[in-house]
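The sequence and the model are shown first.

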Amino acid sequence: MKAVTYEGTHTMSVSDRPKPKLKAPTDALVRVTTSGICGSDLHMYDGRTPLEEGTVVGHEIMGVIESVGEAVKSIKQGDRVVLPFNIACGFCFNCHRGHTEACLTMNPEAPHAAYGYAGMGPYQGGQAEFVLVPYADFNCLKLPGKPGDQWEDDFLLLSDVFPTAFHATELACVKPGKTVAVFGAGPVGLLSAYCSLLKGASEVYVVDSIPERLKKAQELGATPVNFVEGDPVEQIFNLRKKNKGIQQSLRPGEEKMQGVDCAIDAVGYQARDDNNANKEKPTQVVENCMKVVNATGHVGLIGVYIAPDPGAKGAEAKKGIYEFPIADFFDKGITMGSGQAPVKKYNEYLRDLIVNGRAKPSKIVSHHIDIEDVPEAYSKFDKRIEGYTKVLIRFIDKQAA
Ligand SMILES: NC(=O)c1ccc[n+]([C@@H]2O[C@H](COP(=O)([O-])OP(=O)(O)OC[C@H]3O[C@@H](n4cnc5c(N)ncnc54)[C@H](O)[C@@H]3O)[C@@H](O)[C@H]2O)c1
Ligand SMILES: [Zn+2]
Ligand SMILES: [Zn+2]
């Protein structure tokens, strides 16, 4: 089979690999119809998370069941499925409590596992024609429709970024009428804005510097804020100050609440410096989140912060240790949530929003490519050029031919 393999910093190759075989009676083999390239894959691509060369990458996977082991009960050959990027056992202490993002048995080295990802266990990824799914009853979500139909892209996004973005809004306590600032207009940030609007947020600001991405944020119904044009936190304060509806209904002292109720970090440790978009400043977005939320506000840190980070500048940073404005955090009584998203907690409900026409997350998809085009797509997505925002690798077209 054809598969995308990591071959060192800034090198993804298309290689021939043996088709995986069922190993355990609880496994399933999936013929992949579509697979996504994620912003998280870029951390590996940039050499910022150590990964063994030759690993098949890709954790955003959907397809059709090719075969199942004899112990698999709820899915069968021919079923259409999407796989949560978290691989989970379903029986450990954390899985039992719904925390599939912290499964205790699937990865001997850490409390979480995923397909084709550094530090996430020995699983090969799904930017490939086939992928092996452990504990298939637990790790497949069944889908209606047929491969290549009007939902193919929407369903693919159920593997990661749509539930991840929804989780970000949960961490940030987004509720009807709340005001929200989202940092980052990549797929996760755009869908965090989209989910905030789905939940009925009253004002949603999206901060980035990439024009195509800011335009997309606006199309989704959010207010774009370009950090190259000035301090994004000040820009949000000013936009709120100019909103007459808000200003005319303030209670005494409320003018001090010039920020927002909820902030989402959809950028992570490869954040750019607001004063120089060509320079990295890993703490930039955390600092902005602490500034932009009002007293008693909430922050969802969904962008990743990873150690070890071989590409970081300085010994502490290589260990993932940074300065944090803890006084602001305490002073304002902010609550903050972070970590990997428990995809399985949301994916069925989000699927049903899609099926019933109430959500169309695929609005953020920018490119469909063949597997041969993957190396070039990584490069352009990494540089955030030519509108490369959400790239999907299509296998279905060739399968149909
Ligand atoms: N927690 C999870 O479960 C989970 C799941 C998926 C992705 N992620 C993480 O979410 C983050 C975003 O993923 P993505 O796919 O959207 O990736 P992406 O890299 O395409 O998006 C990041 C965006 O942030 C922008 N940015 C950089 N510095 C900024 C700053 N100072 N202020 C505002 N915007 C800034 C970039 O221009 C880019 O558009 C990544 O760190 C990814 O690893 C986390
Ligand atoms: Zn991802
Ligand atoms: Zn488990």
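## A glycine in a loop

Is Gly125 buried or exposed? Gly125 counts as buried, because its relative accessibility is 2%; buried means under 20% relative accessible area, exposed over 50%, and partly exposed in between, with a 1.4 Å probe and protein chains only. The residue lies in the loop between α2 (93–96) and β6 (130–133). Helices (H or I, at least four residues) and strands (E, at least two) are DSSP runs, numbered from the N terminus. Gly125 and Pro111 are 14 residues apart along the chain, and 19 Å separates their C-alpha atoms.

## Basis of the model

This is a predicted model, in which local features need pLDDT of at least 70 and side-chain atom pairs count only at pLDDT 80 or more, whereas totals for chains, interfaces and linings use all residues. Residues are numbered from 1 along each chain as its sequence is written, chains are lettered from A and ligands numbered from 1 in the order in which they are written, and side-chain values use heavy atoms, with hydrogens and water left out.

## The zinc site

Cys38 (SG), His59 (NE2) and Asp160 (OD) coordinate the zinc ion (ligand 2) at 1.8 to 2.2 Å. Donors are N, O and S atoms within 2.8 Å of the metal (3.2 Å for Na, K and Ca); water is not among the atoms, so sites may look incomplete.

The spacing of the donor residues in sequence is C-x20-H-x100-D. Cys38, in the loop between β3 (28–37) and α1 (39–45), and His59, in the loop between α1 and β4 (60–68), are 21 residues apart and link distant parts of the chain. Both Cys38 and His59 are buried.

## Other cysteines

With a disulfide defined as a pair of cysteine sulfur atoms within 2.5 Å, the count is 0 disulfides. Cys92 is buried, with a relative accessible area of 5%, and Cys103 counts as buried at 0% relative accessibility.

## The open sheet

An open sheet of 6 strands runs in the order β10-β9-β8-β11-β14-β15, with parallel pairing; two strands pair if DSSP finds at least two bridges between them. Because β10 (223–226) and β15 (335–338) stand at the edges with a single partner strand each, one side of each is left without a neighbour in the sheet.

Strand β14 (residues 293–301) pairs with β15 in the parallel sense over 4 bridges. His298 has Thr335 in β15 as its bridge partner.
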